[in-house]
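Visitor: I have the sequence and the model up on screen. Could you walk me through it, a few questions at a time?

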Amino acid sequence: MSKVLIIDDEEIIVEAIQAILTEMGHEVTGCSSSEDGINEALTKSYDLVISDLRMPKKNGAEVTKEIIAEKPDSDILIITAYPTDPLAKQALDAGARSLIKKPFEISKILDILQKKA
Amino acid sequence: MKQNWDYNIDDLLSETRGLIDELEGQIADTATKETANDILKKMQRAELEQLIKDYGPPADGYAEIVISNDRMTVYADFYPPSPEGREIIQEKVEDLLKEKGVIYGIDWDALGESIRTCNIERTQVTDVVIARGSPPKSEEPEHFEIEDRFMADPQKKITGSQKEEDRIDFHKISHIILAKEEEQIAHLVPLTEGISGSDISGLEIPFKKETIKGYIPGKNISIEAGIARASCQGRFNLERNIFWIEEVLEIQSDVDYSTGNIDFPGDVIIRGQVKEGFSIASGGSLFCLSTLDATMVDCKKNLVIKQGIIGKNQGVIRCEGSVESRFIENCYLEAHGNVSVDLGIMNSVINSRGSLSMGKKGVLVGGKITAQDGIEVFQVGTTRGPKTELICGIDFVVKQKLEWIRDKNIEINQKIQFLDEKIKRSENGNTELQSIRDSLKEGILRLNESAMDLVSGLDRNQDAKILVQGTIYANTYIEICNISFIVSKNMEHVGFFLDPTTGRIQHASLSGIT
């Protein structure tokens with residue numbers, strides 16, 4: 001069982017991922033704001049952080065940067081509609097492991113969770 | 001070899017020398033003072049032999065026998081008698097043969113003739129084969145032999161004899177050998193019994209039992225009276241040692257309103273174009289000698305397109321084998337085997353469980369390419385063209401199944417939410433709705449179990465690489481085993497691979513990667 005944090009201002013995405021991963025036995029926490037997400041990631045321990053790219057206040061690249069700065073070993077996936085979005089590249093350069101296409105690529109999430117297990 | 005004379009040359013020479021020594025004292029005081037030894041030295045051996053022959057004691061004719069090392073051949077030399085000598089007697093030669101153990105395969109005619117010639121013409125007769133052993137004949141099992149036409153190299157055959165308009169470019173098209181119905185494909189070679197041999201001593205040489213890699217008839221081959229025939233028109237196939245006929249539908253013209261959609265259980269060969277809006281389903285391989293403008297193609301084996309595939313953003317091609325084409329444009333393609341494209345791939349989605357390779361100047365622009373075992377291309381992207389995504393290392397079939405499970409999950413969860421609302425609002429809890437809800441929950445559970453099983457098969461090839469011989473343009477998206485990388489600047493002659501140490505995608509010059 002892994003602990004997963006989802007940071008996305010779209011509730012429906014959070015709920016969908018939560019539903020699937022919880023059914024599979026993972027513990028999932030959802031945050032609808034980037035600042036709450038950063039705070040949650042830095043104060044608690046998560047095996048995987050999934051963050052949307054385009055969010056109000058702080059985008060996924062900034063979220064990645066802040067989390068990696070404090071916890072360099074963090075595994076972060078970024079949800080984006082456009083993999084070649086320049087922000088996506090910033091997120092990868094900041095330390096995100098991979099990009100997930102919207103709504104979410106469950107195969108990638110499960111693959112990375114399995115590797116961690 | 002000792003001669004059969006009473007004298008031999010060496011003895012005679014020494015006798016002669018002795019004689020001359022005696023004479024020497026008698027001629028020593030002559031003016032010429034030529035000594036006996038000088039005389040001796042001047043005389044050639046041949047001259048001496050002639051002297052001996054002419055003036056020496058009478059010598060009988062004789063034969064010399066030589067047996068080969070493998071004891072399968074006997075050679076004889078026959079020497080004639082001197083003028084007063086006795087002729088060669090055949091019985092004596094026969095005794096000699098018996099003495100040497102030669103009792104089998106004697107050529108009495110050759111023996112007799114050689115002796116006659118030697119005796120009558122008084123000449124040597126040499127190197128005569130007078131006896132031969134019999135080599136054994138191997139036993140060969142019954143087996144099928146395929147007719148030459150089907151074993152010939154079709155490329156040599158076709159380009160040499162066909163007219164320009166019929167010529168097939170076999171550089172781009174797999175070998176096709178067609179057989180007509182009832183045409184003879186192979187014939188049965190019956191068992192060849194082995195026969196033991198014998199050497200010249202009469203010693204038996206046992207025969208070998210040969211192992212022949214014969215051919216086995218397969219599908220659409222009928223056998224009658226030892227002849228294997230094609231039971232339908234089709235393409236001749238030979239794989240390992242099994243030969244069969246793949247039923248072939250050959251369409252000489254375009255696939256259009258005159259032919260309608262094509263649905264055939266065997267191979268399909270289309271000599272014309274496949275017009276937009278028409279579909280083809282083939283239970284075997286599909287060969288298209290022109291362009292494929294099809295809307296839907298479903299092919300159970302390989303797909304070979306001599307020209308290219310033009311999908312117009314509607315084309316969906318599914319192939320369970322490999323795909324070969326000159327170009328692919330605006331198309332969705334799935335292949336369980338490798339994909340080889342010579343010139344270009346434009347704005348297409350290509351999924352392969354093998355590798356994608358392109359020609360020396362192959363250009364890949366736009367679209368999304370997923371190739372489990374790697375991608376090799378000359379150029380990716382252009383200066384201002386659409387962005388391209390390259391994905392390696394994963395099995396697209398597994399990924400599709402997982403995404404399908406995701407979608408079903410969402411759909412069922414929505415239904416469950418809807419039912420929860422209804423159950424809450426109903427007065428007595430509504431057991432029927434409850435039961436449906438429980439079934440849906442059970443469904444989700446099973447789906448998720450399937451997903452867990454599938455995930456282990458997702459990452460198939462962590463060694464998959466992306467190799468770019470020419471230029472890869474900035475903003476190309478790369479993924480290897482679900483790890484992402486975006487090309488930040490144009491790069492030349494470069495390869496991308498997953499570094500197992502860091503778990504990140506690295507790149508290096510092509511010369512450093514192999």
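Guide: Let's start with N237(B), which counts as buried because its relative accessibility is 9%, buried being under 20% relative accessible area, exposed over 50% and partly exposed in between, with a 1.4 Å probe and protein chains only. Before going on: this is a predicted model, where local features need pLDDT of at least 70, side-chain atom pairs count only at pLDDT 80 or more, and totals for chains, interfaces and linings use all residues. Residues are numbered from 1 along each chain as its sequence is written, chains are lettered from A and ligands numbered from 1 in the order in which they are written, and side-chain values use heavy atoms, leaving out hydrogens and water.

Visitor: Why does I305(B) count as buried?

Guide: You'll find I305(B) in strand 19 (residues 303-305) of chain B. Beyond four places in sequence, I305(B) touches C288(B), S290(B), L292(B), E324(B), S325(B) and R326(B). I305(B) counts as buried because its relative accessibility is 1%.

Visitor: Which residues make up the uncovered face of strand 18 of chain B?

Guide: Strand 18 (residues 296-299) of chain B pairs in the parallel sense with strand 16 (residues 279-282) of chain B over four bridges, where pairing takes at least two DSSP bridges. Four bridges also join strand 18 of chain B to strand 20 (residues 308-319) of chain B, again in parallel. In a regular strand, side chains alternate between the two faces of the sheet. Here V297(B) and C299(B) form the covered face, and the uncovered one is M296(B) and D298(B).

Visitor: Over in chain A, how many residues of strand 4 are buried?

Guide: Strand 4 (residues 76-80) of chain A pairs in the parallel sense with strand 3 (residues 48-52) of chain A over four bridges, and S51(A) stands opposite I78(A). Both faces are covered, with I76(A), I78(A) and T80(A) on one side and L77(A) and I79(A) on the other. The count of buried residues is five of five.

Visitor: What area is buried between chain B and chain A?

Guide: The contact takes 34 residues from chain B and 28 residues from chain A. Buried area is the accessible area (1.4 Å probe) that two parts lose on being put together, summed over both. Carbon and sulfur atoms give 57% of a total of about 2,600 Å².

Visitor: Which residue of chain B forms a salt bridge with E105(A), and which helix gives the largest share of the side of chain B that touches chain A?

Guide: The rule (a side-chain nitrogen of Lys or Arg within 4 Å of a carboxyl oxygen of Asp or Glu) finds three salt bridges across this interface. In one of them the closest N and O atoms are 2.4 Å apart, and the partner of E105(A) is K399(B). As for the largest share, eight residues come from helix 8 of chain B.

Note on methods: Contact = heavy atoms within 4.5 Å. Helix = DSSP H or I, 4+ residues; strand = E, 2+ residues; numbered from the N terminus.
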